[in-house]
Amino acid sequence: MSELENRLEKRKIKPTTMRLLVLRKLVESGSAISLSDLDAKFEQADKATLYRTLKTFEDKKLIHSIDDGTGSVKYALCEEGCECEPQDQHIHFHCIKCDETYCLTQSKIPQTQIPSGFKAASASMVYKGTCANCS
């Protein structure tokens, strides 16, 4: 069994050909990727199938979605053992020059005291500026 198949199996995702191809592209990308960017990497892929694949990956906590303020949701691989709970979430960096969004996995989103009766389901923190490649 390949490393990619193992990653899918760990999250109880059936390793279909399309899922393996999408996972390979996510691993190779090095930064977060949007549905339209992913669609452009495949010659003959149905956008609906790609979307369903990403949603399955997100539901099974293999990837997480990022709203970086660009108007296009991006997706990136989760760290091993991530359950996408607020305490697992990290800061993201969006480069205003190359339009890439990076996971800063070493920088967790700070815990914040929220009012009684409120329950956080997710948290998001995005820095914007220029990345190391563009600086």
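At what angle do helix α2 and helix α4 pack, and how far apart are their axes? In this predicted model, local features need pLDDT of at least 70 and side-chain atom pairs count only at pLDDT 80 or more, whereas totals for chains, interfaces and linings use all residues. Residues are numbered from 1 along each chain as its sequence is written, and side-chain values use heavy atoms, with hydrogens and water left out.

Helix α2 (residues 17-29) packs against helix α4 (residues 47-59) at an angle of about 75 degrees, the axes lying 10 Å apart; axes are lines fitted to C-alpha atoms, for helices over the stretch in contact, and angles run from 0 to 180 degrees between N-to-C directions. Helix α2 is therefore roughly perpendicular to α4 (65 to 115 degrees). Helices (H or I, at least four residues) and strands (E, at least two) are DSSP runs, numbered from the N terminus. The contact (heavy atoms within 4.5 Å) involves residues of α2 including Met18, Val22 and Leu26, and residues of α4 including Leu50, Leu54 and Phe57.

Three strands form an open sheet of mixed pairing in the order β5-β4-β6, where pairing requires that DSSP finds at least two bridges between two strands. The twist averages 25 degrees from one strand to the next. Strand β4 (residues 90-95) pairs with β6 in the parallel sense over four bridges, and histidine 92 has valine 126 of β6 as its bridge partner.

Methionine 125 is located in the loop between β5 (101-108) and β6 (126-129), where its contacts, not counting residues up to four places away in sequence, are Ile91, His92, Ile109 and Pro110.

Notes. Angles under 35 degrees count as roughly parallel, over 145 as roughly antiparallel, 65 to 115 as roughly perpendicular and the rest as oblique.
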